[in-house]
Amino acid sequence: MKRLLGSVGLAALAVAAGLGTAAAEQGVTDSEITIGNVLPMSSSAALVGRAAHFGSVVAAAEANANGGVKGRKIVIKTEDDGYVPARTVQGLRKLMDEGLFGLIGTGAGAGTAAILPILEEEKIPAIVSFSPLKAAIDPVKPTVFMLGASYQDLVFAQLKYIHDELAKPDAIYGIIRQDDDFGVQVEEAFQRAVDDFKLKSADPIRFKRGQKDFGAEVLRLRAEKVDVLVAGGVTTETPAIMKEASKYKLPLTMATVPTSTLPPIMGLAAPYGYVYYSGDYISPMGSDGTAHFQKEAKASLSDEEMKAVNRYSLTGYVATKLMIEALRRCGDELTRACAVKELESGKAFDTTGITLPLDFTPQRHISATAVRVLKVDPMAGTVTPVTEFTQY
């Protein structure tokens with residue numbers, strides 16, 4: 001309440017001084033607009049959190065090189081939540097205390113879920129781009145938008161492809177997934193496929209976050225004679241599962257999440273000989289669709305920072321560009337309410353080829369939901385699309 005009263009008081013002073021509401025809006029000064037991230041910059045998820053942060057830095061540098069927004073510089077502030085939901089809340093509140101206009105990095109699924117009530121209460125424009133969470137936009141939250149397909153669709157798309165094109169009719173399907181909100185979404189995709197295609201399936205196997213040894217879990221897969229596996233790990237857990245499976249030469253066809261396409265994860269998976277599948281809603285790094293981003297990244301990041309750039313830099317970049325473009329469309333009315341109105345206007349936003357042009361409406365706060373299934377060959381270092389973008 002103290003923060004809200006302070007904002008009202010500042011607004012009154014600004015109006016009295018003839019400065020208008022824009023200068024009094026949270027996170028907006030005469031010279032700067034502050035946009036924030038709360039991301040896992042440390043912990044096992046730092047590989048993706050740091051990448052997303054640098055994507056937002058690239059978008060801000062590009063905008064500032066082109067005049068910012070009405071002459072104001074875009075400032076990116078990022079708080080580290082260490083992949084812990086309680087710290088996601090702490091990070092958001094710290095950004096709010098320091099002056100925050102909008103949020104473009106909302107943490108992992110459980111972290112995003114934890115801050116949704118705050119985003120709604122404080123009417124903070126937010127774009128969920130780091131870790132898709134269906135609850136963020138279903139039902140629609142007035143100021144919350146989401147970029148990208150849910151894990152439910154990303155995994156289901158792969159299982160449909162495997163069922164239709166690769167697996168034997170009597171194949172047995174299994175899942176090993178992390179025991180948290182992220183894992184729940186992955187298991188929902190698995191169960192949808194089991195129900196829709198009437199698949200034979202083994203009981204789901206769940207593991208605690210941070211687990212490194214999967215010997216017992218893989219022995220269960222072997223005993224159940226699983227043919228198709230959903231590997232529901234966040235980063236290093238997927239190659240750790242492959243390591244154990246390779247000991248028994250299990251001929252598994254695997255579906256994974258987008259982190260499995262990251263070069264460091266592919267490098268860890270390569271020794272175990274598995275070609276596997278993933279799904280995504282953006283152009284692969286190194287493709288023509290990411291050429292503009294890569295040019296801007298090289299211009300604004302150091303050589304050391306460039307080493308941290310990966311697929312999650314693209315989603316961080318796109319989310320930040322959306323917020324900045326919404327502000328530019330607001331003209332002199334640099335308010336949260338105007339940014340939300342412009343985001344949901346139905347007018348397309350250009351993402352320089354990373355995705356198709358994106359748009360949102362008052363009834364639909366999600367975009368870029370079409371999924372393309374990818375074949376990942378870590379031994380060759382390749383990620384190859386095997387389907388077109390399709391809605392699931």
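Is cysteine 330 buried or exposed? In this predicted model, cysteine 330 has a relative accessibility of 9% and therefore counts as buried. Its partner in a disulfide is cysteine 338, with the two sulfur atoms 2.2 Å apart. Cysteine 338 is likewise assigned as buried, because its relative accessibility is 6%, under the 20% limit. The torsion about the S-S bond of cysteine 330 and cysteine 338 is about -115°, so this disulfide is left-handed. The count for the structure comes to one disulfide. A disulfide is a covalent bond between the sulfur atoms of two cysteines.

The structure holds eight aromatic pairs. One of them is formed by tyrosine 151 and phenylalanine 182, whose ring centres lie 5.0 Å apart; the planes meet at 85°, so the pair is edge-to-face.

Another pair consists of phenylalanine 156 and tyrosine 392, where the centres are 6.2 Å apart and the planes stand at 70°, so the arrangement is edge-to-face. Here too distant parts of the chain are linked: phenylalanine 156 belongs to helix α5, whereas tyrosine 392 lies in the segment after β14 (382-385), and the two are 236 residues apart. Phenylalanine 156 has a relative accessibility of 4% and therefore counts as buried. Tyrosine 392, at 24%, is classed as partly exposed, because the partly exposed class begins where the buried class, under 20%, ends. Ring pairs join Phe156 and Tyr392 with Phe197 in a cluster.

Tyrosine rings also take part in contacts with arginine. The charged end of arginine 209 sits over the ring of tyrosine 83, at 4.0 Å from the ring centre. For arginine 311, the charged end sits over the ring of tyrosine 281, and the distance to the ring centre is 5.2 Å.

Strand β1 (residues 32-39) and strand β2 (residues 73-80) run in the parallel sense and pair over eight bridges. Among these residues, leucine 39 has aspartate 80 of β2 as its bridge partner. Together with helix α2 (residues 46-65), strands β1 and β2 make a right-handed β-α-β unit.

Key
Residues are numbered from 1 along each chain as its sequence is written. This is a predicted model: local features need pLDDT of at least 70, side-chain atom pairs count only at pLDDT 80 or more; totals for chains, interfaces and linings use all residues. Side-chain values use heavy atoms; hydrogens and water are left out. Two strands pair if DSSP finds at least two bridges between them. Helices (H or I, at least four residues) and strands (E, at least two) are DSSP runs, numbered from the N terminus. A crossover is right-handed if, with the strands pointing away from the viewer, the path from the first strand over the helix to the second runs clockwise. Rings of Phe, Tyr and Trp (its six-membered ring) pair if their centres lie within 6.5 Å; planes under 30 degrees apart count as stacked, over 60 as edge-to-face and the rest as tilted. Buried means under 20% relative accessible area, exposed over 50%, partly exposed in between (1.4 Å probe, protein chains only). A charge sits over a ring if NZ of Lys or CZ of Arg is within 6 Å of the ring centre and within 35 degrees of the ring normal. A disulfide is a pair of cysteine sulfur atoms within 2.5 Å.
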